[in-house]
Amino acid sequence: MTCHNCRAQCRHYGKHRNGLQRYQCASCGKTFTEPHERPFDTMYTGQERGLLALRMLMEGNSVRSTERLTDIHRDTILKLLVLCGERCEKVLGRLIVKVPVEDVQCDEIWAYVGKKEAHKLPSEEDDNSIGDAYCFVAIERYSKLVLNFALGRRDQTTTDIFIEGLRQATAGQRYQISTDGFVPYISAIKTTLSDRCDFAQVIKVYNNTDPEGQRRYSPPDVSHTEKVPVMGIPDPKRMCTSHVERQNLTIRMQMRRLTRLTNAFSKKWDNLWAAYCLHFGWYNFCRIHQSLRITPAMAAGITDHVWDLEELLK
């Protein structure tokens, strides 16, 4: 090691409080520390501890339980979440493009930011950064790859953005798409995907005989299901949304902020978006699917090996 000022040889001069080696110049007496490795941009959190905190978040731990187990402050954990969520968003946008697909299923999963929609004050009615937050998810039936997702209100605007992103994610070959009975899907898919897909809706009809308390915490029983062709010539045997609904369960199991009846809900919209980006990046590239025995990205031919979390966040 040489001095930055006089380029003279330096000697060891103890350790820094973070464990890095310190040096002292034999000529001018200046002391300095060896270069810091900062895998998370300007954050001082070490790579091993930072990755451990992220793995705990992706396995369903809350922010505060992660704080207690890793001794990393909760504000640092949230800052780390947002940073890594941005990186995952870029990876997904770069690699999930023009993917050949056969059967796509779409659904929405509900969450909220700050407070539920019904609890908003009159002054907060026009504030879309709090209240209901629906994540639209599109999954390929056979590879289990999450092709696209969008976070917003359950309205026509968010649906249009979601379907436009799905067009960029899928190749031009013809495929079949199945959704639930949400009406805005019809105009969005007819406008954006009319040249490449056959479209059908799977509409569930529920009973209304359940007690009020049961309906409040769980959906009523399904009396029957209607399969409605909407565009093209969809195959009735492939009209299904079961796989994307099972994916919704995976999301709720792996993201603590989506667990119902707890105080772990998101307090900021950006944190919820980052958590979704991190989850879907990890799900597509790092998590081995139980039935596939490989990752969804490998099944779709995007990658040739299982990524570790460090590779995902580079």
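Modeller: What follows goes from the pocket to the helix pairs around it.

This is a predicted model, in which local features need pLDDT of at least 70 and side-chain atom pairs count only at pLDDT 80 or more, while totals for chains, interfaces and linings use all residues. Residues are numbered from 1 along each chain as its sequence is written, and side-chain values use heavy atoms, with hydrogens and water left out.

The second largest pocket holds about 520 Å³ of space, where a pocket is an open set of points on a 1 Å grid over the protein atoms alone, at which a 1.4 Å probe fits and which has protein on both sides within 12 Å along at least five of seven lines; the volume is the space filled by probe spheres set on the points, which are joined across faces, edges and corners. Its lining, meaning residues with an atom within 4 Å of a point, comprises 24 residues, and Val-63, Leu-78, Arg-257, Ala-264 and Phe-265 lie nearest the centre. Two or more lining residues come from each of H1, helix H2 (63-70), H3 and helix H8 (269-285), helices being DSSP runs of H or I with at least four residues, numbered from the N terminus. By class, the lining divides into 10 nonpolar, 7 polar and 7 charged residues, with Ala, Val, Leu, Ile, Met, Phe, Trp, Tyr, Cys and Pro counted as nonpolar, Asp, Glu, Lys and Arg as charged, and the others, Gly among them, as polar.

Turning to the helix pairs, H3 and H8 have axes that come within 7 Å and cross at roughly 55°, the axes being lines fitted to C-alpha atoms over the stretch in contact and the angles running from 0 to 180 degrees between N-to-C directions. H3 and H8 are therefore oblique to each other, the class left over once angles under 35 degrees are called roughly parallel, over 145 roughly antiparallel and 65 to 115 roughly perpendicular. H3 passes H8 in a left-handed crossing, that is, with the near helix turned anticlockwise from the far one by less than a right angle, whereas clockwise would be right-handed. Contact means heavy atoms within 4.5 Å, and among the H3 residues that meet H8 are Leu-78, Leu-81 and Cys-84, with Trp-273, Leu-278 and Phe-285 among their counterparts in H8. The residues of this contact divide into 15 nonpolar, 4 polar and 1 charged.

H1 (residues 47-58) packs against H3 (residues 74-95) at an angle of about 85°, with axes 10 Å apart, and that makes the two helices roughly perpendicular. Here Gly-50, Ala-53, Leu-54 and Leu-57 in H1 meet Ile-77, Leu-80, Leu-81 and Cys-84 in H3, a contact of 7 nonpolar, 1 polar and no charged residues.

H1 also meets H2, where the axes come within 10 Å and cross at roughly 145° in a right-handed crossing. Arg-49, Leu-52, Ala-53, Met-56 and Leu-57 in H1 meet Val-63, Ser-65, Thr-66, Leu-69 and Thr-70 in H2, and by class that contact has 6 nonpolar, 3 polar and 1 charged residues.
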